[in-house]
Amino acid sequence: MKRVDDFRLQFGKDKQEYVPIMVGGMGVDISTAELALETARLGGIGHISDAMVQDVSDRRFDTSFVKDKTKFYKYNIANSDKSAVKFDLGHLAEATNRHVAGTMEAKRGDGLIFINCMEKLTMNAPRETLQVRLASALDAGIDGITLSAGLHFGSFGLIEDHPRFRDAKLGIIVSSVRALQIFLRKNAKLNRLPDYIIVEGPLAGGHLGFGMDWAKFDLQTIVTEIVAYLKAEQLEIPLIAAGGIFTGSDAVGFMENGAAGVQVATRFTVANECGLPANVKQEYFKAHEDDIVVNTISPTGYPMRMLKNTPAIGSGIRPGCESYGYLLDGKGNCAYITAYNEQIALHPDAKNISVMDKTCLCTHMRNYNCWTCGHYTYRLKDTTRKLADGTYQTLSAEHIFHDYQYSVDHKIALPVG
Ligand SMILES: Cc1cc2nc3c(=O)[nH]c(=O)nc-3n(C[C@H](O)[C@H](O)[C@H](O)COP(=O)(O)O)c2cc1C
């Protein structure tokens with residue numbers, strides 16, 4: 001009976017071999033530097049995320065990007081037109097640099113650290129800000145970049161002149177063979193293929209690359225289609241399967257069917273090194289299957305999976321764009337601002353309003369009040385012990401990583417009590 005440790009992941013002609021486990025990016029700072037560093041130390045591939053990187057820098061390095069931005073745009077807080085609220089590209093570069101360089105300097109072991117860049121963070125100037133995010137991460141020495149959530153087909157082109165464009169690992173997340181085909185076609189002239197393709201199915205956490213009919217799709221079918229496509233095109237790009245891979249045996253199943261590795265996240269949301277606050281980790285442990293919902297409250301327009309008691313649902317807080325503004329499209333709009341203004345117009349005298357359609361994702365993700373999670377979150381309680389006080393024991397990232405790496409027969413090793 002095979003286990004994950006019987007496989008190794010290689011990128012193209014690169015001789016180096018890795019444990020074929022990637023821990024996926026989880027913004028905002030849920031996949032912390034500590035989690036990524038542990039994964040790399042154990043020989044796998046960890047991700048940090050650049051979502052709301054200025055805020056992450058403030059917390060990690062005591063900078064004051066958010067405070068300064070809020071002060072600068074204070075005059076606009078009551079204004080529903082947010083088009084004036086821009087990111088200072090120099091500050092964005094500095095924050096990214098600090099986050100990435102601070103992580104890379106601490107790296108030990110044979111693994112790699114990548115950064116997850118969600119292209120849906122349009123930041124009121126999609127092209128310019130994404131270019132700065134990607135280039136600064138490369139400047140600061142990141143091993144690789146995973147482009148996700150709202151894949152722009154032109155993103156590789158934004159960094160084609162960067163000296164590390166051909167040596168850093170660049171990967172994409174897709175949820176269909178069609179998205180992959182379009183990406184490859186649009187980038188053909190750059191003569192630069194992705195180094196890896198993460199194929200994310202409908203059971204993943206965070207935003208889904210599917211519509212509300214996500215339940216009609218299944219990861220293995222999509223993986224099989226993409227494996228066949230890559231073979232037909234004679235493209236030897238490692239495929240990483242993601243979404244709902246809960247045990248080492250699940251991972252082996254995908255690797256026996258064409259995947260070169262797996263990307264996992266949900267099991268690590270209850271790791272000691274994960275950025276979620278302790279009380280939120282307990283919410284994840286306690287969840288039952290019917291507590292996990294997929295809804296459309298994300299202003300990005302993508303369905304998102306979360307716990308149904310997440311405080312972000314129905315919250316009617318004032319849009320926080322002067323401090324954050326990561327989801328403003330190029331014209332200063334965000335679907336939450338529209339939904340919020342509709343409710344204000346309907347209830348002009350109300351002290352508090354509730355907004356059900358959309359949520360202020362920046363503020364709620366920043367405050368860990370949007371409890372996004374994977375489909376199998378309800379199984380987390382089976383991965384640990386219940387303590388005398390009724391809470392569940394959180395786990396070390398090493399324990400979870402090794403359980404994926406060495407377990408057989410769908411067994412899950414409990415932590416030492
Ligand atoms: C709490 C949480 C937050 C996530 N945030 C992001 C994100 O910011 N960007 C992204 O590309 N994927 C995100 N994901 C998806 C994961 O990186 C990963 O691909 C997926 O969840 C793997 O499936 P699993 O959670 O069933 O193991 C997130 C997942 C979780 C559980």
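Start with the largest nonpolar core. Select Ile197, Val199, Leu239, Ile240, Ala241 and Val262: these have the most contacts inside this core of 123 residues. A nonpolar core here is a set of buried Ala, Val, Leu, Ile, Met, Phe, Trp, Tyr and Cys residues joined through C-beta atoms within 7 Å. Buried means that 20 or more other C-beta atoms lie within 10 Å of a residue's own, with C-beta atoms placed from the backbone. Now colour β3, which gives the most to this core, with six residues. Helices (H or I, at least four residues) and strands (E, at least two) are DSSP runs, numbered from the N terminus.

A note before moving on. This is a predicted model: local features need pLDDT of at least 70, side-chain atom pairs count only at pLDDT 80 or more, and totals for chains, interfaces and linings use all residues. Residues are numbered from 1 along each chain as its sequence is written.

Next, centre on Leu239. Leaving out residues up to four places away in sequence, Leu239 touches Ile197, Val199, Val223, Ile226, Val227, Leu230, Gly258, Ala259 and Ala260. Touching, or contact, means C-beta atoms, placed from the backbone, within 7 Å.

Step across to Ala259, in the loop between α9 (248-255) and β9. Is Ala259 buried or exposed? Ala259 is buried, because 28 other C-beta atoms lie within 10 Å. Beyond four places in sequence, Ala259 touches Val223, Leu239, Ile240, Ala241 and Phe254. Draw a distance to Gln220, 39 residues away along the chain: the C-alpha atoms are separated by 9.7 Å.

Now show the ligand. Its surroundings comprise 30 residues, the closest being Gly24, Ser148, Gly205, Gly206 and Gly374. A residue counts as near if its C-beta atom, placed from the backbone, lies within 6 Å. Two elements give two or more residues to this shell: β3 (112-118) and β9 (261-264). By type, the shell holds 14 nonpolar residues, 15 polar and one charged. Ala, Val, Leu, Ile, Met, Phe, Trp, Tyr, Cys and Pro count as nonpolar, Asp, Glu, Lys and Arg as charged, and the others, Gly among them, as polar.

Move to helix α2, residues 53-61. Val53, Gln54, Asp55, Val56 and Ser57 are buried there. Their cover includes α3 (65-72), α4 (89-105) and α12 (361-366). Asp62 follows α2, with a positive phi near 60°.

Finally, zoom out. The protein chain has 13 helices and 13 strands. Of its 417 residues, 49% count as buried. The C-alpha trace spans about 65 × 60 × 40 Å along its principal axes.

Definitions and conventions:
Buried ≥ 20, exposed ≤ 12 C-beta atoms within 10 Å, placed from the backbone. Contact = placed C-beta atoms within 7 Å.
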